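Have a look at the structure first, then read on.

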Amino acid sequence: MSDLTPQSETPTPTTDKITQAARETIYLCNFRVSVDGEWLCLRELNDISLTPDPEPAHEDPKDPIAIERLNLMNMAKLSIKGLIESALNLGRTLDSDYAPLQQFFVVMEHCLKHGLKTKKTFLGQNKSFWGALELVEKLTPEAGEITASVKDLPGLKTPLGRGRAWLRLALMQKKLSDYMKTIINRKDLLSEFYEANALMMEEEGAVIAGLLVGLNVIDANLCMKGEDLDSQVGVIDFSMYLKDGGHSSKSAEGDGQITAILDQKNYVEELNRHLSASVNNLQAKVDALEKSNTKLTEELAVANNRIITLQEDVERVKEESSYQMESRKASRSDSVADGQALGETRKQLKEETLLRLDVEKELEVQIGMKQEMELSMKMLEKDICEKQDALVELRQQLEDLRVINQQLSHKSQSVDASSKQKSEAIIRLEEKINQMTGTVKQLETSEKHFVKQARNLNSAAGKLLQLQQ
């Protein structure tokens, strides 16, 4: 870029406006990425002079490939640091929808794509880092499980999709740093896939591999069956790393609210599942108690019938005994010839007496069993009443938790709506920035035109003065 102001001793009002507009405008091209503390800084490669400078200083141009490597390394530092800090603050297992994790994979993909050689095939030219990742299986046998899993995943049709799936599986196994160090140490094999000045062939690749060790402290659970890894477009979101006080604080506050709501929702869902399991267990116990109660009722009815039958037998035996006693009294007046019949009657009486004693004993046993069954029935009824009361309370708690879950879902929807409004406001601001950029360019053009006219007028005035002299 050339100087934006005319080289004159006193700036004009138009020059001041242009200078102010240029200072307030952010250009996102031809910049160098560097790290300032915890934030991303964009420094322009060419010096831009916003004040008059008759003799601008000219620097020797630097290697653009080296600048690209430095930019990617700094972006990887910021991405890894932000991912570790946000994961530790979140305090739970990360999933595929977590924005810092998605940005980390995008940055890693850009790092692995830097300096790739183009291979010609029958279908055309192919440029993918999947071939370089397949080297890990040859150098480290334990990595064969990841490669086999990637090849078995349904829906992956391109080498780019397989490479993305490989990065996610390696991160879940906490082996990504080890595998990257393994292939970076074998530059003789990497030279088949990368140019000599690629990031993976230089010291920046070793630095990134060392930074990946910190990711072993986080846990990730990524489901790739329903995710379209072939057609995703990997674009780095610089807004996550640019230093903006108001927006960053609001974003952090919004992220904190969303995280708290998600944690509450997960807690409520877990408690809901636990209560549902408890209700199912109690319902199963109630069903078992009802079955046992029914069985005991049937046994009690059978015992009552048996007792009634035994009582009838006792009455019958008593009647027969009294009848036999009366017949004996009548037979005593008979002749001695009936003695033999009397002996048989006595024997029969003894047998009937023994039978009566046995029946009475059995009756006592059945009565005791009946009393025990009645006592157990009362205890079962009491236990069933207590279980039913507990079941009613648990159902009430379940309804309360459902209401809380609905409220949390409404809050989550409201937070999503506010985030959409913020994103729309950002888009409108970007449109205003683009309009300001166009205005500045028009002002630059008009300024150059005015400068040329001023120079022409100055030269004409000089000629007139010479002619007058």
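Let's start with Y194. Setting aside neighbours within four places in sequence, Y194 is in contact with L112, H114, G115, L116, K117, F129, A132, M200 and M201. Keep in mind that this is a predicted model.

**The cores**

Y194 also turns up among the residues with the most contacts inside the largest nonpolar core, together with F104 and W166. That core has 59 residues. Which helices supply at least two residues each? They are α2 (64-90), α3 (99-113), α4 (130-139), α5 (144-152), α6, α7 and α9 (203-211). Of these, α2 gives the most, with 9 residues. There's also a second, separate core of 8 residues, and it includes L275, V279, L391 and L401. As background, nonpolar side chains in soluble globular proteins tend to be buried together.

**The aromatic pairs**

Now for the rings. With a cut-off of 6.5 Å between ring centres, the count comes to 2 aromatic pairs. A pair like this is described by the distance of the centres and the angle of the planes, so here are both values for each one:

| Pair | Centre distance | Plane angle | Class |
|---|---|---|---|
| F104 and F105 | 5.5 Å | 55 degrees | tilted |
| W166 and Y179 | 5.8 Å | 45 degrees | tilted |

Why is the F104 and F105 pair tilted? Planes under 30 degrees apart would count as stacked and those over 60 as edge-to-face; the planes of F104 and F105 are at 55 degrees, so the pair is tilted.

Are F104 and F105 buried or exposed? Both are buried.

The W166 and Y179 pair links distant parts of the chain. W166 is in helix α6 (residues 159-172) and Y179 in helix α7 (residues 176-184), 13 residues apart. W166 has 0% relative accessibility, so it counts as buried. Y179 comes in at 2%, so it counts as buried too.

Finally, take a look at Q366, which has its place in helix α11 (residues 339-468). Its relative accessible area is 13%, and the cut-off for buried is under 20%, so Q366 is buried. Leaving out neighbours within four places in sequence, Q366 is in contact with A303, R306, I307 and L310.

Notes
Residues are numbered from 1 along each chain as its sequence is written. This is a predicted model: local features need pLDDT of at least 70, side-chain atom pairs count only at pLDDT 80 or more; totals for chains, interfaces and linings use all residues. Side-chain values use heavy atoms; hydrogens and water are left out. Rings of Phe, Tyr and Trp (its six-membered ring) pair if their centres lie within 6.5 Å; planes under 30 degrees apart count as stacked, over 60 as edge-to-face and the rest as tilted. Buried means under 20% relative accessible area, exposed over 50%, partly exposed in between (1.4 Å probe, protein chains only). Helices (H or I, at least four residues) and strands (E, at least two) are DSSP runs, numbered from the N terminus. Contact means heavy atoms within 4.5 Å. A nonpolar core is a set of buried Ala, Val, Leu, Ile, Met, Phe, Trp, Tyr and Cys residues joined through side-chain atoms within 4.5 Å.
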